[in-house]
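Student: Hi! Could we look at a structure together? I'd like to ask some quick things about it.

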Amino acid sequence: QAAALYSLGEVAYLQGDLVQAAALFEENIALCREMGNLWALGVRLTRLGQIVHAQGDSQRALALMKESLVIGWQVRHPLGIAEALTAFAGIARAQSDPGRATRLLAAVAALRETTGTVMLPNYEQEYEREVAIVRTQLDARTFESAWREGQGMAVEQVMAYVGVTPP
């Protein structure tokens, strides 16, 4: 049932039905908590964070994504961490901070490279879209500088950068 709810929630999100997507992810998150499935829970929290951000609730979005990041750290789930950091980058970009977004995206690239993590296609598309957008918002020199800074950050540093203290 959890997998079906996730899939239905993803479809609703990708089709732009944020109300339905939020409801499905809320139900899915409750089920993941009940089952104790932390790997799935982290990913679902990130997606719900993206949904509520799109609905205009940045504060709740950040809280959900911070919880996701903590869970990803606790269960050593590099994919979950990468997806959460990509979502944080999206919020930074939306808040007119492309330098911060670039650092986060570069940290994701470094994490993926060191762990061999491959993102799911829809998350990979979101990642690539975010990189493309911030490239247009910064001049080449500023982008490259921010990218190098982000790639040099350890996971603990990037977690602190988004306001999360590793447990």
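Student: Which residue lies over the face of Y127?

Tutor: That's R112, at 5.1 Å from the ring centre. A charge counts as sitting over a ring if NZ of Lys or CZ of Arg is within 6 Å of the ring centre and within 35 degrees of the ring normal. Before we go on: this is a predicted model, where local features need pLDDT of at least 70, side-chain atom pairs count only at pLDDT 80 or more, and totals for chains, interfaces and linings use all residues. Residues are numbered from 1 along each chain as its sequence is written, and side-chain values use heavy atoms, with hydrogens and water left out.

Student: Thanks! And what lies over the face of W73?

Tutor: There you find R76, at 4.5 Å from the ring centre.

Student: New topic: how many aromatic pairs are there?

Tutor: The structure holds 2. Rings of Phe, Tyr and Trp (its six-membered ring) pair if their centres lie within 6.5 Å; planes under 30 degrees apart are stacked, over 60 edge-to-face, and the rest tilted. The ring centres of Y6 and F25 are 5.9 Å apart with planes at 90 degrees, so that pair is edge-to-face. Y6 belongs to helix α1 (residues 2–14) and F25 to helix α2 (residues 18–35), so the pair ties together parts that are 19 residues apart in sequence. Helices here are DSSP runs (H or I, at least four residues), numbered from the N terminus.

Student: Are Y6 and F25 buried or exposed?

Tutor: Both are buried, meaning under 20% relative accessible area; exposed is over 50%, and partly exposed is in between (1.4 Å probe, protein chains only).

Student: How far apart are the ring centres of F143 and W147?

Tutor: They are 5.5 Å apart, and the planes are at 25 degrees, so this pair is stacked. F143 and W147 are 4 residues apart in helix α8, about one helical turn.

Student: Which residues of α8 are buried?

Tutor: F143, A146, W147 and G150. They cover an arc of only 105 degrees around the axis, which puts them on the same side of α8; the arc is taken from the directions from the helix axis to the C-beta atoms. On the other side, R141 and R148 are exposed.

Student: Last one: what is T86 in contact with?

Tutor: Leaving aside neighbours within four places in sequence, T86 is in contact (heavy atoms within 4.5 Å) with L105, V108, M119 and Y127. T86 lies in helix α5 (residues 78–94), and at 5% relative accessibility T86 counts as buried.

How values were computed. Helices (H or I, at least four residues) and strands (E, at least two) are DSSP runs, numbered from the N terminus.
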